[in-house]
Amino acid sequence: MSDVIKIQYLSFAYNSNYILENINLTVEKNDFVGIIGPNGGGKTTLLKLIMGFITPQKGSVEVLGNAPEKSISKIGYVPQFNQTDKQFPIKTIDVVTMGLSNSKSFFPWNKAEELNNVFEAMEFVKVSELSHKPFGELSGGQQQRCLIARSLVSKPEILILDEPTASVDSNVELDIYELLKKLNKEMTILLVSHDVGFISSYINKVACVNKEISLHKKEEISFDKISHEAYHGDFSMISHKCNL
Amino acid sequence: MNELFSIFSNYSFVQNAIIAGLLSSVACGISGTFVVVKKISYLSGGIAHAIVGGLGIAYFLGINPLYGALAFAVVSALLIGTVKLKMKQNEDTLISALWSVGMSIGLIFAYLTPGYNVNLLSYLFGNILLVSSESLWLMSALDVVIAVIIFIFYRQFIYVCFDEEYSYLRGIKVEFIYILLLIIISITIVVLVQTVGLILVIALLTLPSSIARMFSNTIWKMILISVVLIQIFTFAGFVFSFSTNLPSGASIILAVGVGYLISFFIHNILRKKKIT
């Protein structure tokens, strides 16, 4: 049972328009999978299927040997950060604490022992000193670190990140990837990214998603070529390489 | 001031008006905060106007209009919540429909009621001087209901408002929390019916909390500041209306509007100072 994620013969359509068609994907323990592909190619849909936000019309998804809904508490998720309201009155520590929430989060306070996980996670991503600042006032990189901390407080087995570095500068990007490299020793990571060249030294598999999926082991592909192509947004060449 | 005090101690309707202002501020400060951060003022406006239907039917049946309003409020919150969650693309149309159809039902039933009752106007535009002791008890009970719900679900409300998708991932019952929030808002509107009326309620629900947001970094601070501001505005509006003999609901809303403008400028000046 070392398969962390197992997708078999899966198809998903919005309004009879197939986004993903007859895909198979197996992710093993401690994999670091880079997910690439054109916009609208189904990357985000794939993540949503794995997290059980949506259910496929055909085929199956298994996460840690169960249906996605049952394993959801073992998944840490880092969304594209620019989705949150900058003016929302919330302190950074409260955003990170959200990672502990569930349907039984009653009353306005958290248990003290739960908060230890929060401090630990904030320490790990080096945002402890920001804990009482308003979340909306942090820089893009700081916010992204906090969202990673939020996904870590529940001690997940799988970490899923949707373009975590889309709007941060390259120094911050490097920092975040170094952080993920450390985390990869303990957990399986799936990361959607535009520039696979940048992450090439961290990942061990690449999934090219464009209605279909083709999974490559790191050794099988030339990263220089893919990264060059990805930077220029010329995905048809990648697709060609992936035989899609 | 002495004169005002003697008026307060001598006339029970003045006492009732001031207590009504205080009771309104609790419900309105809590709900207004969530209306502002979740950006659902149009939806709240829809619920407020739909409630006219409940008032009209209650008039026609000869029961206390506030109970009719309460029933209609909860039903329209459930209706809007369910439709929003089930068919997302039609939300806007549905709110508009509920908005005007509710009002039409209310007007037709009011028209059919023998001996047309002018009091309907006081529910549309509010008349804080007509609040009865019975209404005060109902308002207190509704305040308690709202406060208890918020106390229990405080964190879940914040999480769902801040990041719906992540809340869902954490196993929070997002749809339940969302509908619960709409119910709280609709109950609040019933509390505010006699203070500022259904038509004007949206300003009292959004503006004080928008001011509060400029000066707070947590939701509970925002609620607290909203409650205090609403107390100040309703009292100022009431005093203005009492001394000039102008309609109380409109006076309160004018006080809110002036307060919002002033805070807006103060906030901008403070922000510029912070930058330089």
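## The six-stranded sheet in chain A

Chain A has an open sheet of 6 strands with mixed pairing, in the order β5-β6-β7-β3-β8-β9. Strands here are DSSP runs of E with at least two residues, helices are runs of H or I with at least four, and both are numbered from the N terminus. Two strands pair if DSSP finds at least two bridges between them. At the edges stand β5 (75-78) and β9 (212-217) of chain A; each has a single partner strand, so one side of each is left without a neighbour in the sheet. From one strand to the next, the twist averages 15 degrees.

Before going further, note that this is a predicted model: local features need pLDDT of at least 70, side-chain atom pairs count only at pLDDT 80 or more, and totals for chains, interfaces and linings use all residues. Residues are numbered from 1 along each chain as its sequence is written, while chains are lettered from A and ligands numbered from 1 in the order in which they are written.

## Inside that sheet, and what lies on it

Take β3 (residues 32-36) and β7 (residues 188-192) of chain A: they pair in the parallel sense over 4 bridges. Within this pair, A:V33 sits opposite A:L190 of β7(A).

Helix α1 (residues 43-50) of chain A lies across β3, β6 (158-162), β7 and β8 (205-210) of chain A, and runs at about 150 degrees to β6(A). Helix α5 (residues 140-152) of chain A packs on the sheet too, touching β5 and β6 of chain A, with its direction at about 165 degrees to that of β5(A). For these angles, axes are lines fitted to C-alpha atoms (for helices over the stretch in contact), and the angles run from 0 to 180 degrees between N-to-C directions. Contact means that the C-beta atoms of two residues, placed from the backbone, lie within 7 Å.

## The three-stranded sheet in chain A

There's also an open sheet of 3 strands in chain A, ordered β2-β1-β4 with antiparallel pairing. Its edge strands are β2 (17-28) and β4 (58-63) of chain A, each pairing on one side only. Neighbouring strands are turned by 15 degrees against each other on average, direction ignored. Strand β1 (residues 3-14) of chain A runs antiparallel to β2(A), and 8 bridges join them. One bridge partner pair is A:Y14 with A:N17 in β2(A).

A:Y9, in strand β1 of chain A, has a phi near 45 degrees, a positive value in a residue other than glycine. A:Y9 is exposed, with 12 other C-beta atoms within 10 Å. Over in strand β2 of chain A, A:N22 has a positive phi as well, near 50 degrees, and is not a glycine. A:N22 counts as partly exposed, with 14 C-beta neighbours inside 10 Å. The cut-offs: 20 or more other C-beta atoms within 10 Å of a residue's own make it buried, 12 or fewer exposed, and anything in between partly exposed, with C-beta atoms placed from the backbone.

## Where the chains meet

At the interface, 26 residues of chain B are in contact with 21 residues of chain A. On the chain B side, the elements giving two or more residues are α7 (133-162), α8 (164-169) and α11 (219-244) of chain B. α7(B) gives the most, with 9 residues. By class, that side has 14 nonpolar, 6 polar and 6 charged residues. Nonpolar covers Ala, Val, Leu, Ile, Met, Phe, Trp, Tyr, Cys and Pro; charged covers Asp, Glu, Lys and Arg; the others, Gly among them, are polar.

## A helix pair in chain B

Helix α2 (residues 12-38) of chain B packs against α11(B) at an angle of about 145 degrees, with the axes 8 Å apart. The contact residues include B:G21, B:L22 and B:S25 of α2(B) and B:I230, B:Q231 and B:T234 of α11(B). By class, this contact has 13 nonpolar, 9 polar and no charged residues.

B:Q231, found in helix α11 of chain B, is partly exposed, with 19 other C-beta atoms within 10 Å. Leaving out residues up to four places away in sequence, B:Q231 touches B:G21, B:L22 and B:S25. B:Q231 and B:L23 are 208 residues apart in sequence, yet 8.9 Å apart in space, C-alpha to C-alpha.

## Confidence

The predictor gives the complex an ipTM of 0.87 and a pTM of 0.89. Chain B averages a pLDDT (the predictor's confidence in each residue, from 0 to 100) of 90, and 97% of the residues score at least 70. Within chain B, confidence is lowest in helix α1 (residues 2-10) of chain B, at a mean of 73, and highest in helix α10 (residues 201-214) of chain B, at 96.
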